[in-house]
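Take a look at it first, and then read on.

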Amino acid sequence: MIWLIVLPLVWASLAFILGPGRGKWLAIGGLALQTVLAFDLATKIGAGGTAVGHLVGGWGAPLGIDLAADGLSAAMLLLTQCIALPLAVYASAYYKRDDAAGSYFWPLAGFLIAGLNALFLSADLFNIYVTLELLGLAAVGLVAAGGGAQQVAAALRYLFATLVGSALYLLGVALIYGAYGTVSISVLTPLVTSEAPRLVWIAGGLMLIGLMLKTALWPFHFWLPPAHGGAPAPVSALLSALVVKASFYLILRLWIGPFAPLIAAAEWLAWLPAALGTLAIFWGSWQAIRAERLKMLIAYSTVAQLGYLFLIFPLLAGAGAIQAGVMQVFAHGLAKAAIFAAAGVLIKATGQDTIAGLAGAVNRVPLTLFTFGLAGMTLMGLPPSSGFLAKWQIIEAALAQGHWPLAVIVLAGGLLAAVYVFRVLRQAFLLAPRNEEATAVSPLLEWPAFVLAAASILLGLRGVELMQLVGIVA
Amino acid sequence: MSSGLLFACVGALLFAMGMAGVMLIAHLLRRILAFNVMGSGAFLILVGLTQRNDVPDPVPQAMVLTGIVVAVAATALALALVRRLHALTGQLELPADDT
Amino acid sequence: MKRFVMGLGALAFAALLIGALLEPLPVSVDLRAAVTNNMASSGVEHPVTAVLLNFRGYDTLLEIAVLLLALIVILAVGIDTASDQPRTVNPILQTLARVAAPLVIVVAVYLLWAGAFRPGGAFQAGAVLAAAAVLLHLTGLLPSWQVPTRTLRWGLTAGFLIFLAVAAGLLSQGALLHYPPAQAGMLILLIEAGLTISLGLILAGLFLLLSREPGDDA
């Protein structure tokens, strides 16, 4: 499992040494190996039924840093590699030779993946801070790379959001260390009780707010649409599918881990993220319905879809809530990666990125439109997609605990998603204006997107293994 | 009050000031400085709070060293983006939200 | 109005935080003893260096990655091609810089060596090296950087790669960065030597890539 961190660091550095625009084979090879490793880790944890750990330096917590992988981390690692590999193939075809935006894509993507993997494996609050910064700065760099004024402005906005988020998190870690003398999650968890001093409450609040800022939960979503909508398609896909999920994973990890006694002492707290999530669903969907540019529509859809993740917090006392959340992470991750990749193809094929300009796209890139439709099904939550499974599980858990308003919100959100997905599809099926040159699109762009979309549907049929894996929470 | 605790309290003030600065200041260079003030506040709290009995603890000191290096990297990156924005638009403030 | 509300909010937050800081705290874990007890097998004699490169060496590894990443981002954002005319500098300053630069390098080497048993180490040494580069640049003796050549890219990455190779090589000992106590001192010195050079280059690069006369932006 340690190689999941070392490998991307190696290929990122080597790609940098090789020079601008080079290193794609290193990256694809490295990612293929990582995918195998992630599957291996998941099977090992699934078969053993327990978490596995690694004591870096052989010291062990609290003196050293521990790495730990339980079912939840293994699932996130698996998702990361499974999305990154097709996207790497996609990106290798997306960036032309001498494209300024792609010059440093491979090293930056390598550090991004290393940051993600290190974050999912870490069991040390301060170490997590370092991985958050690695992740955040790599993401900002990818958004800004070689872009125009708008892209740089979006990257700056994103940079300030992510830096303030990590500063809040760091202050929380500082207070925790001051209060308990350790930052190891496993040592910390038994120490925190509901009678914790006020400082620990403040620390918990700061860390969670900082991470919500990084997850772009409403009202902290302001930075996401310009950053995700303005970046090149492979970058938008990586960011929307994976980067925002990392901080969500961390919120969940802290919520059910060290801070569980605090939250148990004040149960109303769980409704706060759920309320914000609800607002995110409606606000994001509404903005997506109104958006004029294709990628902005998709970016606002991310704001909405992230809202579902926060609906599970009041349900965590009962069974199945974590599984529902992780299923939604998978469904949205795969579908959104597919949709952004498909949008990149549509933009290349039509030469512009307004929704109005999509007319006639169905005749030019039918496979991509099919991809868009499949991934759209997942976003709407139609059976048999994984999106359906995720929403169904949230509804089931909500009804089992008597919180029917949550079920209504999920259903309403699905309807709104249908509106914005069909807005795009309807336009694409219109007859094309004549005398327009169709740009040929490489199959290396169309197929990875299709694979991701197909995976988001097929996962719905094979969700049981994933649910069992996620059930193994340390 | 021990000197360590005094440092921690000053750190709390710096952090709050820096945070207000990051949110309020439009000029990007000053906003980056405000972010650094915020970070320094967090570092002061980390070291000060653990030294409230005036016995130094090497672990948070090493953490702060790590944090400072990360802050340097973030600052350099922010400056690069600001320079680029200035080269492209001639502005040192973020354009109004056009989304 | 917004300023007032924000300012008030920040003040209230600071007051709340300070109030909480002044409460007595139940510290349950004390790492000071653990650090002292394990100093003998850490390979160095200074506790902060021991934490940085041995006990929590993994943090440091990732932190170097962050620094290298920042440099790559600066390159990726795009550097405006700039005219590289030597600026007019007082010749006395130039002479002084010429004299100072070798001395600064000696200081860097001393800091690197001293890190094992007193405050010092790779970061300080790298920073001093970078300062020498900045000094030479400001006196017009060293041009600002364009896109780095492959040799320079090797130099920038070498420290990180050495660190990573040692860390991964020690997996044979059972864990990442698991130094055998006998060789710990030597391996840490190797890592620090590599880091000093690469950190010096990276920090100098952060400055030299960003430092252009305002008029240079065409």
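## Where the chains meet

Start with chains B and C: 31 residues of chain B are in contact with 33 residues of chain C, where contact means that two C-beta atoms, placed from the backbone, lie within 7 Å. On the chain C side, α1 (2-21), α2 (31-38), α3 (47-55), α4 (57-77) and α8 (181-210) each bring at least two residues to the meeting. Helices here are DSSP runs of H or I with at least four residues, strands are runs of E with at least two, and both are numbered from the N terminus. Of these elements, α1(C) gives the most, with ten residues. Sorted by class, that side of chain C has 23 nonpolar, three polar and seven charged residues. Ala, Val, Leu, Ile, Met, Phe, Trp, Tyr, Cys and Pro count as nonpolar, Asp, Glu, Lys and Arg as charged, and the others, Gly among them, as polar.

A quick word on what you're looking at: this is a predicted model, in which local features need pLDDT of at least 70, side-chain atom pairs count only at pLDDT 80 or more, and totals for chains, interfaces and linings use all residues. Residues are numbered from 1 along each chain as its sequence is written, while chains are lettered from A and ligands numbered from 1 in the order in which they are written.

Chains A and C meet too, with 49 residues of chain A in contact with 46 residues of chain C. Several elements of chain A give two or more residues here, among them α1 (3-18), β1 (52-56) and α6 (149-180). The largest share of this side of chain A comes from α5(A), with ten residues. By class, the chain A side divides into 33 nonpolar, 14 polar and two charged residues.

## Two chains in outline

What is chain A built from? It has 20 helices and two strands. Its radius of gyration, 21 Å, is close to the 23 Å that the globule rule gives for 474 residues, so chain A is as compact as a globular protein of that length. The radius is taken over C-alpha atoms, and the rule is 2.2 Å times the number of residues to the power 0.38.

Chain C has eight helices and zero strands. With a radius of gyration of 22 Å, well over the 17 Å that the rule gives for 218 residues, chain C is more spread out than a compact globule.

The table puts some overall values for these chains together. A residue is buried if 20 or more other C-beta atoms lie within 10 Å of its own, exposed if 12 or fewer, and partly exposed in between, with C-beta atoms placed from the backbone.

## A helix pair in chain A

Now zoom in on α13 (residues 294-311) and α14 (residues 321-350) of chain A, whose axes come within 11 Å and cross at roughly 180°. Axes are lines fitted to C-alpha atoms, for helices over the stretch in contact, and angles run from 0 to 180 degrees between N-to-C directions. The two helices are therefore roughly antiparallel to each other, a label for angles over 145 degrees. Their contact has ten nonpolar, five polar and two charged residues.

## Inside the core

A nonpolar core is a set of buried Ala, Val, Leu, Ile, Met, Phe, Trp, Tyr and Cys residues joined through C-beta atoms within 7 Å. The largest one has 326 residues, and those touching the most other members are Leu108(A), Ala341(A), Leu77(B), Leu81(B), Ala65(C) and Ala70(C). α6(A) gives the most to this core, with 23 residues. Leaving aside neighbours within four places in sequence, Ala70(C) is in contact with Leu137(A), Ala73(B), Ala76(B), Leu77(B) and Leu206(C).

Leu46(B) sits in helix α2 (residues 28-50) of chain B. Is Leu46(B) buried or exposed? Leu46(B) is buried, with 28 other C-beta atoms within 10 Å. Beyond neighbours within four places in sequence, Leu46(B) contacts Ala174(A), Tyr177(A), Pro60(B), Met63(B) and Val64(B).

Note on methods. Parallel < 35°, antiparallel > 145°, perpendicular 65-115°, else oblique.
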